[in-house]
Amino acid sequence: MRVVLAEDLALLREGLVSLLETHGFEIAAAVDNGPSLLRALLDHRPDVAVVDVRLPPSFTDEGLQAALEARRRVPGLPVLVLSQYVEQLYARELLADGTGGIGYLLKDRVFDAAQFVDAVRRVAAGGTAMDPEVISRLVASNTRGSPLGRLTPRETEVLELMAQGRSNAAIAEKLVVTERAVTKHTANIFAKLDLPVTGDDNRRVLAVLAYLNR
């Protein structure tokens, strides 16, 4: 699995390169600024990009802007944002095309290597990996007039955990319910959101995107 990595701090960049290579990833490019990131994404067409938000030259939003431009030119390019900051406007824009393959993790809330590597793999496979803090910033409180308003509190809770990338088994463990109960909740979510009958993995992504873009 080929990765393009963008991180301006040299020690962190090299550490991420070493971690990913240890877990079998191929680093197609590791860059430290926005223009180089965009070139690397377009030249290498990686399986996934791991991107910091604030990169040189201005340290504002170059990483996300480069990722957005790359996804416009290469639709569906998987992008995992790894940052200290939640940039709500651009995060929503990343989610807006509805294709999945999106993650947004906060650096100080990634607690172990396995969690990070799992998120990279999940995003590369077209899924989502969203930090709960990012979700809370993105989700508006008013769902009236939206299909999401049809969900029960428990179904909304299940959907939020789906957005974090948790499996049915992991959701069941978190909520202290049976996996069968979670399966029933997810079926109700799909029905209430009027999602097409496709593979369950694709429907999970569509449900999560509807939730985050409400």
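A residue counts as buried under 20% relative accessible area, as exposed over 50%, and as partly exposed in between. F59 has a relative accessible area of 45%, so F59 is partly exposed. The model described here is predicted.

## Backbone features

F59 lies in the loop between strand 3 and helix 3. Its phi is positive, about 55°, although F59 is not a glycine. P57 is placed in the loop between strand 3 and helix 3 as well, and the peptide bond from P56 to P57 is cis, with omega near 10°. Most residues other than glycine have a negative phi, and most peptide bonds are trans.

V176 also has a positive phi of about 55° without being a glycine. V176 is found in the loop between helix 8 (168–175) and helix 9. With 72% relative accessibility, V176 counts as exposed, because the cut-off for that class is over 50%. A positive phi, near 95°, is likewise found at G165, which follows helix 7.

## Salt bridges

The structure holds nine salt bridges. One of them pairs K107 with D52, with the closest N and O atoms 3.2 Å apart. This pair links distant parts of the chain, 55 residues apart: K107 is in the loop between strand 5 (102–106) and helix 5 (113–124), and D52 is in the loop between strand 3 (48–51) and helix 3 (62–73). Both K107 and D52 are buried.

An α-helix has 3.6 residues a turn, so residues three or four places apart point the same way. E69 is partly exposed at 23% relative accessible area, and R73 is partly exposed at 49%.

The side chains of R150 and D194 form a salt bridge of 3.1 Å, N to O. Here too the pair links distant parts of the chain: R150 is in the loop between helix 6 (132–138) and helix 7, whereas D194 is in the loop between helix 9 (179–192) and helix 10 (200–212), 44 residues away. R150 is partly exposed at 44% relative accessibility, while D194, at 53%, counts as exposed.

## Surface charge

A patch of negative charge on the surface gathers E14, E21, E26 and D47. E21 belongs to helix 1 (residues 10–22) and is partly exposed, with 47% relative accessibility. Residues in such a patch need over 30% relative accessible area and no salt bridge.

## Buried residues

L77 lies in the loop between helix 3 and strand 4 (79–83). Its relative accessible area is 3%, so L77 is buried. Not counting residues up to four places away in sequence, L77 touches L41, P46, A70, R71 and G101. The C-alpha atoms of L77 and K107 are separated by 22 Å, and the two residues are 30 apart along the chain.

Which residues of helix 7 (residues 153–163) are buried? They are E155, V158, L159, L161, M162 and A163.

Notes. Residues are numbered from 1 along each chain as its sequence is written. This is a predicted model: local features need pLDDT of at least 70, side-chain atom pairs count only at pLDDT 80 or more; totals for chains, interfaces and linings use all residues. Side-chain values use heavy atoms; hydrogens and water are left out. Buried means under 20% relative accessible area, exposed over 50%, partly exposed in between (1.4 Å probe, protein chains only). Helices (H or I, at least four residues) and strands (E, at least two) are DSSP runs, numbered from the N terminus. A salt bridge is a side-chain nitrogen of Lys or Arg within 4 Å of a carboxyl oxygen of Asp or Glu. Patches are made of residues with over 30% relative accessible area and no salt bridge: like charges are joined within 9 Å, nonpolar side chains (Val, Leu, Ile, Met, Phe, Trp, Tyr) within 5 Å. Accessible areas come from the Shrake-Rupley method with a 1.4 Å probe; for residues, only the protein chains shown count as cover. Lys and Arg count as positive and Asp and Glu as negative; His and the chain ends are not counted. The place of a charge is taken as NZ of Lys, CZ of Arg, CG of Asp or CD of Glu. Contact means heavy atoms within 4.5 Å.
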